[in-house]
Amino acid sequence: MAVDYTGNRVVRCRLRQLMGIHDNMRISELAEKTGLQRNSISAMYNNTATRYDAKSIAAVCDALNCEVGDLLVLEEVEE
């Protein structure tokens, strides 16, 4: 059964900001540190990912020494 969410909030990934805090870490560097595919990290970085794997989130949080709430935030959508 598909979920048809029509609320006014959306999950945003703050990977770009977090990587900036870490000496402007490059996507390729994070891919190497985490073992994740570069295109997966790129989708998170560009906020185009539609699904987030729990193991990937944990790997990114470990690599950037942050919490899930630092990486993913729930924001109001402007209409």
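Colleague: In what order do the elements of the protein chain run from the N terminus on?

Modeller: This is a predicted model, and in it the elements follow one another as β-α-α-α-α-α-β from the N terminus, which amounts to 5 helices and 2 strands in the protein chain. Taken along the principal axes, the box filled by the C-alpha atoms is roughly 35 × 25 × 20 Å.

Colleague: How should I read the contacts, and what part of them joins residues 24 or more positions apart?

Modeller: Among the contacts in the protein chain with a separation of 6 or more, 67% are between residues 24 or more positions apart.

Colleague: Which residues have the most contacts inside the largest nonpolar core?

Modeller: As a general idea, nonpolar side chains in soluble globular proteins tend to be buried together. Here the largest nonpolar core has 22 residues, and L15, L30, V60, L64 and L71 are those with the most contacts inside it. At least two residues of this core come from each of α1 (15-21), α2 (27-34), α3 (38-45) and α4 (54-64), and α4 gives the most, with 6 residues.

Colleague: Leaving out residues up to four places away in sequence, what does L64 touch?

Modeller: L64 touches L15, L18, M19, H22, M25 and L30, and both L15 and L30 are also listed with L64 as residues with the most contacts inside the core.

Technical notes:
Residues numbered from 1 in each chain as written. Predicted model: local features only at pLDDT ≥ 70, side-chain atom pairs only at ≥ 80, totals over all residues. Heavy atoms only, no water. Helix = DSSP H or I, 4+ residues; strand = E, 2+ residues; numbered from the N terminus. Contact = heavy atoms within 4.5 Å. Core = buried A, V, L, I, M, F, W, Y, C linked by side-chain atoms within 4.5 Å. Buried < 20%, exposed > 50% of the residue type's maximum accessible area, 1.4 Å probe, protein only.
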